Structures are given as structure tokens and as C-alpha cells.
Amino acid sequence: MINTLFDLLQVLVVLVPILLAVAFMTIIERKVMGSMQRRVGPNKVGYYGVLQPFADALKLVVKETVIPAHATKSLFFLAPVITLVFSLLGWAVIPFGAGLRISDFPLGILYTLAISSIGIYGVLFAGWSANSKYAFLGSLRSTAQMISYELVLSAAILTVILLAGTFNITRIIEAQESIWFIVPLLPMFIIFFISALAETNRTPFDLPEAESELVAGFFTEHSGMIFVFFFLGEYASIVLMSSLTAILFLGGWNMPELFTNDTFINLQSIILGLKTCIFLFAFVWFRATLPRLRYDQLMTFMWTGMLPVAIALVVLVPSILIAFDIAPRTFS
């Protein structure tokens, strides 16, 4: 019983800050985009608009949930739950510092890829169950996009696995003590981050939510509280992908040896958070800067542009490791 309560407390200690980070990510995005577009952004609710996310959440919670008459109600409600739950389950293997994680799973990277793959079902169920052509088209677009770009995402992660010689996320971070993987794997980092943008349906790859064509994409018919689940799931995935990028390519909580003295030992989580914020800012920056692609351009860019380059790099990296005899001796 005590162990169960302790495990539950561990989960809450991780999930509550994550949900707060998701809430404040929305206000940060709106303020940063406001600055980039020469406007103020939210500034009425609370000091400097800091309470705006809670006002938005309260508004959506008290709104009526409208269910289409011909919708498949079970899947209609299950879809947003799947989207949110599986975006949060990905945090189970993310280490926030040395020994600070829910689970030190030996196959943590494979677990993360599997969880992100299952999240696609929430999008597909949402579009199909609503019995609306707009939602259905949006879900088909999103499913095809997420599955396609997951190939490139997996290829980029594979090069990191080959370089580190392990599937364990903690050991991948430890393998970057001497040099961050962004240095030898810079092309793969660029490919990974572009794929992360597409995987989370963010600009310039936000075709599933093309407002000028599909109203709101796969969640066109969802409203009220169940819409909040989609909203939270999307931003939780953005924070997760940013954190994963920092872990795989920027050494996680590692800092250069100049800063690794006793003063910084207790700041590992803060260091990881700062690195994650760099990529969160990049998500917002790209949204405010880049135009949306056409859907055919989106798929062509993946299949004829990124995938051949990713496959070539997957072959090149282990070839260099073997040629210079620097391949990892152990693989776990």
C-alpha cells in the first residue's frame, strides 16, 4: 500500500509541473508571437496576462459539449482521452536529473517511439467518429503525415542509438559528457527537429488544422471539455519533443566541463529545462515566421527529400564508427 502511494506521488510530482508547463506554454506562445508581430498579446488577466491560460481553461470547461447526432459517441469521447493520455505517458522514461525519473527503463527510446505511435489513433478516431467530412479529411491528413514523418524521426533517433550504444535514455545522456551529439550529428539534428514539427502538427506542417480549408481539422466537431484534452495533448507533445531533442542532441542535463563543479550538481533539472525552452521558443518562432505548405508539398518533401537523406545518414554514421574503430563496445 505504501509503495503504491509512493509511486502515485512520484507520478503526480512529474505530471503536475508538466501540465503547468503546458498551460504557460500557451501564454508564452501568444506573447512571443505578439512581440514578433508588433502587438501586445494577452495582457488583461492577471499581471502581464500571466493568468490568461487559467481563464481560457475555465471558459472551455464551462462551455457546453455539443455531440453530433450521428457521431459514434464512445470513440468520440475516447479519442481526446487517447491523445492526452499517451502524450503524458511519454514522460514516464524522461530523466530530469541523475536518478530523477519515474522509470529507468532499459528500452526507454523504444518505449517513447511506441507511445508516440499509439497517439495517432486518437487523431484517427476523432475524425472518423464525428461523422463529418471536414473532421474525417483532417484526420486522414494528420494520420498520413504523422506516420510518414515518424519514419524520419525514428531514423534520426537510430543514429543517436548507434553512437551511444544503448536504448537507455539516461545512458544516452551520460554518453554526451565529453561532447554533445549535436556536433557530430548536426544534419541528423536538423532532420529530427523538422520531423518533430511535423509529428506535432506545428507550422509549417499544420495541414491537419488548415483553418482556410478544414475549419479545425480532426477536432472540428469537438467542443468544451473534450476539446481541452486535444489542446493539452498537443502542447504536452510539444514540450515532450522539445525535452527529447535536448536529451538526444544537447546532452540533457550535462554541461561543458567548465561548469560541472559542485555549484551546478543540484541544477541538473534547471539545465535540462533551459535547453528545452530553447526548442520551445523555436516551435513558436517557426510558427510566427514560416508559411504553411500545401499538402502535396508536405508529403513530397518527406518522401523525396528528407527520407533519402535520413537513410543515407543512417548508413553513413555506423560506417564511420566501424571505419575508425570507435563503435560502442556494449549495446544495451
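## S129 and its surroundings

The side chain of S129 reaches the backbone oxygen of F125 at 2.7 Å, a polar contact (a pair of N or O atoms within 3.5 Å; within protein, one must be able to donate a hydrogen and the other to accept it, and residues adjacent in sequence count only if both atoms are side-chain atoms). This is a predicted model, in which local features need pLDDT of at least 70 and side-chain atom pairs count only at pLDDT 80 or more, while totals for chains, interfaces and linings use all residues. Residues are numbered from 1 along each chain as its sequence is written, and side-chain values use heavy atoms, with hydrogens and water left out.

S129 belongs to helix 5 (residues 120-129); helices (H or I, at least four residues) are DSSP runs, numbered from the N terminus. With 0% relative accessibility, S129 counts as buried, where buried means under 20% relative accessible area, exposed over 50%, and partly exposed in between (1.4 Å probe, protein chains only). Apart from its neighbours within four places in sequence, S129 is in contact with A71, T72, L75 and F76; contact means heavy atoms within 4.5 Å.

## Helix 5 and the residue after it

The buried residues of helix 5 are I120, G122, V123, A126, G127 and S129. They pack against helix 3, helix 4, helix 6 and helix 10. An α-helix has 3.6 residues a turn, so residues three or four places apart point the same way.

Helix 5 is followed by N131, whose phi is positive, near 55 degrees. N131 is placed in the loop between helix 5 and helix 6, and at 52% relative accessibility N131 counts as exposed.

## Cavities

How many cavities of 30 Å³ or more does a search of the whole structure find? There are two. The search runs on a 1 Å grid over the protein atoms alone; a cavity is a set of points where a 1.4 Å probe fits but cannot get out, and lining residues have an atom within 4 Å of a point. Grid points are joined across faces, edges and corners, and a volume is the space filled by probe spheres set on the points.

The largest cavity has a volume of about 460 Å³. Its lining comprises 28 residues, of which M146, E199, T200, G233 and S237 lie nearest the centre. At least two lining residues come from each of helix 3 (73-89), helix 4 (108-118), helix 5, helix 6 (133-164), helix 8 (186-199) and helix 10 (224-249). Helix 10 gives the most, with seven residues. By class, this lining has 16 nonpolar, nine polar and three charged residues; Ala, Val, Leu, Ile, Met, Phe, Trp, Tyr, Cys and Pro count as nonpolar, Asp, Glu, Lys and Arg as charged, and the others, Gly among them, as polar. The second largest cavity has a volume of about 40 Å³ and is lined by V93, P95, S103, D104, F105, G108, N168, I169 and T170. These divide into four nonpolar, four polar and one charged.

## Salt bridges

Side chains of opposite charge can pair when their charged atoms come close. Seven salt bridges are found in a search of the whole structure; a salt bridge is a side-chain nitrogen of Lys or Arg within 4 Å of a carboxyl oxygen of Asp or Glu. One of them joins E29 and R287, with the closest N and O atoms 3.0 Å apart. This pair links distant parts of the chain, with E29 in helix 1 (residues 2-36) and R287 in helix 11 (residues 268-289), 258 residues apart. E29 is buried, at a relative accessible area of 2%, whereas R287 counts as partly exposed at 34%.

E234 forms a salt bridge with R202, the closest N and O atoms being 3.5 Å apart. Here too distant parts of the chain are linked: E234 is in helix 10 and R202 in the loop between helix 8 and helix 9 (211-214), 32 residues apart. E234 counts as buried at 19% relative accessibility, and R202 is buried at 3%. Salt bridges that share partners join E29, R202, E234 and R287 into one network.

## Backbone features in loops

The peptide bond from T203 to P204 is cis, with omega near 5 degrees. P204 is in the loop between helix 8 and helix 9.

R38 has a phi near 60 degrees, a positive value in a residue other than glycine. R38 lies in the loop between helix 1 and helix 2 (52-62) and counts as exposed at 78% relative accessibility.

Terms used: On a 1 Å grid over the protein atoms alone, a cavity is a set of points where a 1.4 Å probe fits but cannot get out, and a pocket is an open set with protein on both sides within 12 Å along at least five of seven lines; lining residues have an atom within 4 Å of a point.
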